[in-house]
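Hi,

Here's the structure I said I'd pass on.

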Amino acid sequence: MNKYRLGYALFCWIMLFQFQAFAESGRFEKARTGYTYNFPRDHGSHPDFLIEWWYFTGNLTAKNGAPYGYELTFFRRGIENTQGKNNPSKWTVRDIYLAHFAVTDIGNKTFYYDEKISREGIGKAGALTDKMEVWIDRWSAVQNGETMLLSAGDKSWKLDLTLTPLKPLVIQGEGGISKKGEVDGAASHYYSFTRLQSKGTLIVNGEEVSVSGLSWMDHEFGSALLGDGQVGWDWFSIQLDDGSEYMFYQIREKDGQKDPISSGSIIFPDGTKQHLKAKDFTLTPQAFWKSPKSGATYPLEWTLSVPSERLRLSAKPALKDQELVTNKSTRVVYWEGASLFKGEKDGQAIQGKGYIELTGYARALQGK
Amino acid sequence: MTQKILLQFISLRHLLREKRTWLTLIGVALGISVFVSIRIANQSVLSAYHQSVDAFTGETTIEVVGRSGPLDEILLMDIRKDPDVLKIAPIVQSVLPMASGKSGRGEIMLVMGVDLLQEASFRPFEVAGEEKPLDLTTAFDALLNPESILLTRTFAERQGLNIGDPFPLRKEGALLDFKVAGIIEGEVAQTRGGNIAFIDIAAAQWRLNKLGLLDRVDLITADGVPVETIISRLSKQLGESVLVRHPQQRNQQVEKMLFSFQLNLTALSAISLFVGLFLIYNTLLVSVVHRRKEIGLLRSLGVDRAQIFRLFTLEGLVIGTSGGFLGVLAGAMLARWVVQILSTTVTSLYVAIPPSPLSLPMPLFVEGVLIGVVVSTFSALFPAWQAARLKPREAMEGVFGPEEGGIDHRRLLGGGALLALVSYALSQWPMAWGFSWNGYLASALILNAFSLVVPSVILFFSKGIHRLTAGAAPAWRLAQGHLEQAIRRNGPTISAFMAALAMMISVVIMIESFRTTVVLWIDQTIQSDILGFPASYMVSDSDETLPQELLPGIKNMDEVKAVDGYRSRIIAFRDEPVELVGRDLAVHAQNSKYLFQQGTSEGVIQQVIEQQAVVISEVLANRFQLKEGDRITLPTPKGPFPTTIGGIFYDYGTDGGKMVMDRSLLKTHWSDHEIDVVAIYLKDNTKPDTVQTQLHSKWGQTDQGLVFTTQVHFKKEIMDIFDQTFLITYALEWIAIVVALLGIANTLFVSILERRREIGIFRAIGASRPQVIRVVLVEAFYMGVIGNIVGLACGFFLSLLLIFVINKASFGWTLQFHFPPVVILHSFLLAIGTALLAGYFPAKKAAEIDLKEAIAYE
């Protein structure tokens with residue numbers, strides 16, 4: 001008998017990894033080429049799409065130089081609720097909100113994470129549709145003029161940050177969509193703030209520290225993100241010291257092959273963007289780490305290259321264990337961690353920081 | 001040292017050899033076993049109750065409820081602003097009956113509508129799903145489907161239900177269809193014996209007609225902040241209409257009543273213990289008398305008084321300790337049975353208790369043995385002192401000292417009178433609601449007072465008998481002579497017997513008074529010819545109401561004279577839950593009545609209707625110290641409603657009292673249009689059965705779950721519940737009687753041993769065996785008669801204390817004192833029957849005494 005703690009686990013798993021086959025359902029739109037972005041409206045929520053997330057990561061430094069990493073992601077997932085959709089109760093579920101919050105205390109080799117799940121309830125969770133304001137309880141990401149305010153955590157681990165864009169946002173992918181598969185609608189609308197100046201406070205294990213650094217923000221919405229035969233993805237966000245940023249993702253298929261749909265982008269110091277197709281870059285795993293918690297084996301060290309830019313980078317995690325096991329029994333597991341990048345570009349030595357996200361490595365995800 | 005060992009050896013050997021030691025032991029063990037079993041049962045039931053409450057409370061630190069009814073859900077916005085509120089669980093709930101069960105019996109479910117997405121962080125429960133992981137559609141549809149319901153494993157197995165099975169509930173005469181979507185395990189699943197079901201809050205609001213409303217909000221607050229601080233802050237923030245409290249407070253009223261109930265049981269079970277005390281006392285005293293020679297011998301050999309004292313105390317201790325151990329073992333076995341009865345009784349009277357697992361806690365065992373030790377030591381003191389003060393010569397001679405016959409009964413009488421006086425003073429102590437310490441103390445004193453009177457009564461009785469039996473057969477006179485002679489030994493025995501009888505009689509009088517009062521009350525207040533209510537109405541907290549169309553439908557029937565729609569709801573009056581009843585007072589005044597403390601039913605009600613006042617039950621008046629004419633303010637969803645107490649009426653429910661108003665007020669101020677019960681008055685009340693059949697065929701189809709019952713039937717049902725409640729009380733009393741019976745047998749046994757020689761001579765001069773038997777039986781008869789006379793008197797006073805002091809304080813009822821004359825006859829039959837039974841075996845033994853041996857005894 002497969003027992004689960006009612007609540008988190010089931011939904012996290014459903015939410016994050018079971019996206020296929022839902023574009024057909026009547027209620028939700030598909031992400032298609034030709035979408036016209038309209039800000040600040042598109043910073044807000046898109047209830048017409050099945051899946052949406054606001055994703056923030058960053059590498060921060062305290063005044064004494066202590067390095068930290070953080071992740072705060074809010075997810076919204078539309079719910080079909082076939083039987084209950086006519087229920088006039090305000091508690092009727094039309095969207096489920098989830099949030100993941102993680103802090104990496106790199107100096108002390110400590111990784112902390114927490115999660116939330118909620119229906120809208122009576123103001124308990126939600127997202128505005130005209131601007132960015134998404135929250136669950138007291139965790140929130142709120143647009144405030146040009147800046148964004150993040151808040152998450154509880155008494156002993158807490159994050160309060162103000163993010164100010166140093167570059168304008170970039171629309172990822174081509175034609176307004178980032179393709180995830182060959183099927184129609186297997187794509188998302190996806191834009192990023194790739195360089196956000198970040199300032200605020202962190203409470204790390206009960207101790208408050210002032211921090212500053214750089215953050216990255218992704219906002220993505222669509223209705224079918226992973227196609228059949230796709231098992232997970234590896235995703236990289238890199239902020240280099242020369243003022244450029246790189247984003248890569250590759251979707252892995254059941255046989256271990258990289259899906260040709262994988263892509264990436266370069267954001268130059270002046271803010272212009274160049275789209276990268278799968279053939280334009282290589283991501284090669286170099287060293288692996290087996291998680292003692294989940295038993296999953298992750299490729300944590302990589303070499304990355306973009307021949308057109310004469311860029312070669314090696315990537316290393318700031319801390320090996322940055323794995324989120326959202327529940328033991330269903331093994332909702334992924335790795336999302338602050339990472340360091342070093343290499344050369346155009347013959348010049350270069351380095352930077354960023355985040356790597358590795359999903360679909362814990363096989364038990366699919367259940368026994 | 002060696003001397004000591006020798007003494008103990010002699011003493012113990014003595015003890016083991018004597019049959020009466022074993023009788024005493026059994027008596028003490030019985031007394032302790034009853035006490036222990038009640039204590040165990042009380043604790044098991046209480047802990048089962050607490051466990052289910054705790055599991056239910058879970059991590060909740062504060063709960064928010066409406067004072068006048070459900071809360072507006074918008075309130076959550078305000079609660080959320082409080083920085084120390086970490087988690088908020090909104091709850092919509094209803095207690096509803098299942099439409100039908102495979103077991104054939106519809107059970108009552110507490111249906112909790114909760115936010116299933118976060119419930120696990122409040123209450124410890126796990127859901128067992130299907131083998132395979134659910135895919136998205138199934139998972140959400142299963143949980144959020146308004147027809148989905150989660151049942152407990154206990155319940156599902158009892159009803160033979162599986163995931164996917166239909167599970168219809170009933171509400172206002174209609175069916176609410178549900179499907180079993182999952183099985184709950186874990187602690188919460190034990191609540192209410194498994195009769196709890198969870199549905200999603202959205203479904204609950206929709207299907208239970210509570211859109212926009214919440215019945216309760218549970219909060220988890222920050223660890224470091226005192227809950228009191230948050231409570232007072234939230235109270236201010238949320239305003240008057242809302243009650244913010246500790247979750248434990250919800251059950252305070254129930255706990256108070258449970259406490260009183262259990263205390264009364266414990267007190268009753270102590271009766272057997274008390275009788276056991278007399279038994280030990282008696283045994284040892286007899287032993288002193290019987291072993292005078294031995295004592296004299298020991299004293300001559302240089303054993304001092306202190307050692308003799310210790311010797312006899314030790315004997316008492318040995319009996320007490322062994323009795324304690326035996327009693328604890330027997331009590332543990334007895335408890336198995338008592339627990340069952342007790343949970344049934346508590347469930348039908350106060351609150352649903354899950355089947356209580358029998359817990360046998362060590363402390364209770366230790367307590368049982370300790371009680372044995374203390375009681376025995378205490379009761380051994382006087383006999384031991386008696387033994388110690390014997391002079392060696394006196395003892396050796398085996399002559400009765402002057403003190404043996406000449407017990408100073410006048411001084412004892414004086415002591416008794418003093419105790420009785422103190423007891424009376426205590427009973428007049430100002431009453432406090434709850435634990436009646438003065439009542440219990442007064443009862444103990446009055447029992448002791450009458451015990452002290454016993455020797456005087458024996459003497460008086462003996463003199464009277466002497467005169468009466470002047471011409472009777474020798475057996476009567478012989479027995480009388482011996483009765484008086486052995487007053488020191490017979491006194492305690494009769495006292496013990498008297499005490500047991502008195503307590504029995506007082507409880508009988510109390511129950512009879514109670515019963516008569518209730519019968520009178522039902523007869524006068526239940527006048528409607530037919531009552532209609534949902535099948536689940538008899539379950540204390542069912543929320544099932546009647547279909548709206550029922551009341552006008554019945555009103556239109558030709559046979560019907562009038563209909564009274566009755567609605568009851570719980571409001572928070574002065575922060576405590578109080579039952580508020582709305583009914584058609586005009587109809588009630590015309591056709592039925594309340595028994596008011598002052599004024600006629602019609603007069604008071606008429607005024608109450610005009611002034612928009614309320615009437616309250618006596619219990620409620622006691623609970624809140626309210627008087628007629630007091631101004632009170634009731635919280636309503638439309639703001640505070642000031643009103644007056646127009647009258648106080650007698651009521652004998654166990655619900656902590658109620659407040660009654662005209663139903664029109666409930667409609668205007670609470671917007672409550674529901675009805676729980678219809679009281680139907682017929683034009684021709686000679687044939688309620690035909691109308692009942694008509695009603696049943698029209699509205700009473702099984703799936704609607706409506707019950708129509710005639711007045712006669714309804715009254716009988718109430719009385720059945722009443723009688724069942726006192727079952728355990730009667731059982732306790734019988735055990736006390738058995739213990740006393742052992743005491744009588746014991747004393748008579750000794751009496752025979754004492755008089756071996758006398759009986760031998762008696763036989764030698766020509767008495768037949770039947771004649772010997774007769775003498776002994778007559779003495780037993782005398783003892784029974786004396787015990788009963790004193791017992792009746794003592795029982796009478798005890799019953800006054802029980803009815804007017806203890807019961808009043810514990811439950812708030814005024815009972816009409818009712819002394820059934822038949823009690824006198826019954827008690828006589830019981831007392832004499834018991835005494836004769838106890839005397840028969842010693843008598844037979846006496847008759848078997850070997851002539852030669854007996855005479856050669858010296």
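Helix H14 (residues 409-427) and helix H15 (residues 437-468), both of chain B, pack with their axes 8 Å apart and at an angle of about 160 degrees. The axes are lines fitted to C-alpha atoms, for helices over the stretch in contact, and angles run from 0 to 180 degrees between N-to-C directions. That angle is why H14(B) and H15(B) count as roughly antiparallel (over 145 degrees; under 35 is roughly parallel, 65 to 115 roughly perpendicular, the rest oblique). H14(B) passes H15(B) in a left-handed crossing, meaning the near helix is turned anticlockwise from the far one by less than a right angle, with clockwise being right-handed. The residues of this contact are 16 nonpolar, 9 polar and no charged (nonpolar is Ala, Val, Leu, Ile, Met, Phe, Trp, Tyr, Cys and Pro; charged is Asp, Glu, Lys and Arg; the others, Gly among them, are polar).

Bookkeeping: this is a predicted model, where local features need pLDDT of at least 70 and side-chain atom pairs count only at pLDDT 80 or more, while totals for chains, interfaces and linings use all residues. Residues are numbered from 1 along each chain as its sequence is written, and chains are lettered from A and ligands numbered from 1 in the order in which they are written.

Another helix pair in chain B is H27 (residues 769-811) with H28 (residues 822-847): their axes come within 7 Å and cross at roughly 150 degrees. H27(B) and H28(B) are therefore roughly antiparallel too, but their crossing is right-handed. Their contact residues divide into 21 nonpolar, 7 polar and 2 charged.

Now chain A. It has 1 helix and 24 strands (DSSP runs numbered from the N terminus: H or I of at least four residues for helices, E of at least two for strands). Of its 368 residues, 53% are buried, i.e. have 20 or more other C-beta atoms within 10 Å of their own, with 12 or fewer being exposed, partly exposed in between, and C-beta atoms placed from the backbone.

How confident is the predictor in chain A? The mean pLDDT (per-residue confidence, from 0 to 100) is 86, and 88% of the residues score at least 70. Where pLDDT is low, the predicted coordinates should not be read in detail. Residues 1-24 of chain A stay under 50, and residues 364-368 of chain A are below 50 as well.

Cheers

How values were computed
Contact = placed C-beta atoms within 7 Å.
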